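Welcome! Take a moment to look over the sequence and turn the model around before reading on.

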Amino acid sequence: MKKLKFSLLLFLLISASINVYSQNDGNYVYQENFDNKGTWPTGSNDNRILNVYNGKYHFEHKRTNDSWRVSTSTFNLDTSKDFDIEIAVQKISGVASSGISFLYDFKDEDNYKEFGYTSSGYFRVAESKSGSYSNLKSWTKSTSIKTGNYANNKLKITKRGSSVTFYINESSVYNTSFKSF
């Protein structure tokens with residue numbers, strides 16, 4: 001069993017719901033419907049506003065540069081087995097070219113994988129290994145992404161065997177070999 005820390009890397013005001021599903025035993029390993037605060041940070045400061053309400057996690061990023069990450073608690077996910085990770089995001093406002101990403105297979109600050117998109121219609125898959133960041137799939141235009149403010153997009157990662165497939169709104173956009181940290 002491997003510890004997996006699920007993180008969101010967010011650059012603007014969004015709301016989200018999250019599901020992690022294990023194909024082998026048919027159970028959710030983690031599911032977040034934001035029906036209460038749970039372990040998610042809330043509050044306001046000069047950098048951001050975080051709130052849980054109306055079944056969504058609202059994140060307002062106040063800075064015009066730099067990123068911000070919000071993390072849940074750590075949970076176990078056996079990455080030797082098949083799984084699905086899914087997040088639904090609604091961008092409410094902000095810069096269209098700024099990325100909205102989630103980090104998965106998160107070992108630590110220097111070792112993680114990332115799946116992200118922009119509200120202007122681009123996505124990427126990237127990873128950080130020992131602090132060295134690289135794109136597995138560089139920013140690529142996709143008609144699967146719903147663009148603009150108030151657009152709802154569902155990002156999903158599906159691991160089957162040694163293959164991992166990335167979906168945006170149920171459309172496959174990228175496939176690669178799965179290599180866990």
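**A first look**

The accessible surface of the protein chain comes to about 8500 Å², and carbon and sulfur atoms account for 42% of that surface. Please keep in mind that this is a predicted model. In the points below we go from the overall picture to the core, then to one glutamate, and finally to confidence.

**Overall picture**

- The protein chain has 15 strands and zero helices.
- Of its 181 residues, 45% are buried.

**The nonpolar cores**

- In soluble globular proteins, nonpolar side chains tend to be buried together.
- Here, the largest nonpolar core has 21 residues, and Phe102, Phe115, Phe123, Ile157 and Phe166 are the members that touch the most others in it.
- At least two residues of this core come from each of these strands: S8 (83-93), S9 (99-108), S10 (111-118), S11 (122-129), S13 (152-160), S14 (163-168) and S15 (171-177).
- Strand S8 gives the largest share of this core, with four residues.
- Another core, of six residues, lies apart from the largest one, and its members include Leu50, Val52, Tyr57 and Phe59.

**A closer look at glutamate 127**

- Glutamate 127 is found in strand S11.
- Is glutamate 127 buried or exposed? Its relative accessibility is 13%, so glutamate 127 counts as buried, because the cut-off for buried is under 20%.
- Which residues does glutamate 127 touch, not counting those up to four places away in sequence? They are Tyr112, Lys113, Ser132, Tyr133, Ser134 and Leu136.
- Lysine 137 is 10 residues from glutamate 127 in sequence, and their C-alpha atoms are 9.8 Å apart in space.

**How confident is the prediction?**

- The average pLDDT of the protein chain is 78, and 75% of the residues score at least 70.
- Among the elements of the chain, strand S15 has the highest mean pLDDT, 97, while strand S1 (residues 2-10) has the lowest, 39.
- Across residues 1-17 the pLDDT is below 50, and in the model this stretch has 104 contacts beyond near neighbours in sequence.

Terms used: Residues numbered from 1 in each chain as written. Predicted model: local features only at pLDDT ≥ 70, side-chain atom pairs only at ≥ 80, totals over all residues. Heavy atoms only, no water. Buried < 20%, exposed > 50% of the residue type's maximum accessible area, 1.4 Å probe, protein only. Areas by Shrake-Rupley, 256 points an atom, 1.4 Å probe, with all protein chains shown as cover. Core = buried A, V, L, I, M, F, W, Y, C linked by side-chain atoms within 4.5 Å. Contact = heavy atoms within 4.5 Å. pLDDT = per-residue confidence, 0-100.
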